[in-house]
Amino acid sequence: ENLTQLKQMRTELTRFTAVYKFALDEVNTKINILKDEFSYIHDYNPIEHCSSRLKSPESILKKIYKKNIEFSLDNIKDNIKDIAGIRIICSFKSDIYALGEMIQKQKDIELIERKDYIKNPKPNGYQSLHLIVKVPVFLSDREEKVCVEIQIRTIAMDFWASLEHKIYYKYDKEIPNRLANELKEAADSAAALDEKMEMIHNEVKELKRSNDQLDEVFDVS
Ligand code: 0O2
């Protein structure tokens, strides 16, 4: 009796984490299709690169503990939305929103939450677009809707967030005020850099367009 129960628990736990891996694979495929389609069909690819990760059991437990939630698979499912996480690094801010829309519009994707930390950066300066979505995963005997967190940001935003993450942990979650201000200033510089690069990109795009038009005129005459 006990052995059967134990076996069942083990199967449940394995299945619990496995579905997040499947969901991650599904969303990764979606992103790769978009990326490949952009490189085959359009002459511009907005995706610089992407990465994905499954939250480790230790991190899940830590988060459950921090949020003061009682341990159960259902509680984990309902409260930890970033067990499966994907990060997409885009070239420009406008690409972030365009890509976010493309993902949201897909029929089998259900948008659960959208946090725009670009329009409303966190007080420390953190910028990113976060989408929490649910995707259907088809198993041998059932279909499960699984949460995936998608973070979309530019290279500059990612540069800042990666280093901030390191510094934050290095200082054991307590940064002196002066450094916090400097960190915020660095985030503002990153945002200014993004704006400048996008402006240059748009101007060159416009130049190319008028050059192409000129070429067309000469071809006709
Ligand atoms: P890790 O190590 O990346 O997994 P939640 O805590 O997720 O239940 P919350 O706080 O409303 O709810 O979620 P939010 O704000 O959308 O943030 C979730 C994730 O965004 C974090 O996951 C980080 O990856 C990233 N993030 C949010 N704020 C910051 C920040 O100030 N600096 C950096 N570098 N990353 C940030 P985890 O689980 O906290 O961390």
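This is a predicted model: local features need pLDDT of at least 70, side-chain atom pairs count only at pLDDT 80 or more; totals for chains, interfaces and linings use all residues.

## Contacts and the main core

Two residues are in contact if their C-beta atoms, placed from the backbone, lie within 7 Å. I150 touches V27, I86, I88, I103, L131 and V133, leaving aside residues up to four places away in sequence.

I150 also belongs to the largest nonpolar core, which has 24 residues. I150 is listed among those with the most contacts inside this core, together with A23, V27, A84, I88 and V148. Five elements each supply at least two residues of this core: α1 (2-41), β2 (84-90), α4 (93-105), β4 (129-138) and β5 (143-154).

## Overall fold

The protein has six helices and five strands. Along the sequence they follow the pattern α-β-α-α-β-α-β-β-β-α-α.

What is the overall extent of the C-alpha trace along its principal axes? The trace spans about 90 × 50 × 20 Å. The radius of gyration is 22 Å, whereas a compact globule of 221 residues would have one near 17 Å. Of the 221 residues, 20% count as buried.

Contacts can also be sorted by distance along the chain. Take those between residues at least 6 apart in sequence: 68% of them join residues at least 24 apart.

## An open helix

Is helix α2 (residues 57-66) buried or largely in the open? Helix α2 has 10 residues, and the number buried is zero, so this helix lies largely in the open. After α2 comes N68, which has a positive phi, near 60°.

## Around the ligand

Which residues surround the ligand? They are D82, K115, K122, N124, Y126, H130, A161, E164 and H165.

Helix α5 (residues 155-170) gives the largest share of the shell, three residues.

One stretch carries a label from a record. In an unreviewed entry, UniProt places the feature "coiled-coil region" at residues 183-217. In the model, this span is 100% helix and 0% strand. The end C-alpha atoms of residues 183-217 lie 51 Å apart.

Terms used:
Residues are numbered from 1 along each chain as its sequence is written. A residue is near a molecule or strand if its C-beta atom, placed from the backbone, lies within 6 Å of it. Helices (H or I, at least four residues) and strands (E, at least two) are DSSP runs, numbered from the N terminus. The radius of gyration is taken over C-alpha atoms; the globule rule is 2.2 Å times the number of residues to the power 0.38. A residue is buried if 20 or more other C-beta atoms lie within 10 Å of its own, exposed if 12 or fewer, and partly exposed in between; C-beta atoms are placed from the backbone. A nonpolar core is a set of buried Ala, Val, Leu, Ile, Met, Phe, Trp, Tyr and Cys residues joined through C-beta atoms within 7 Å. UniProt positions are given in the numbering used here, feature names are shortened, and annotations may be inferred rather than shown by experiment.
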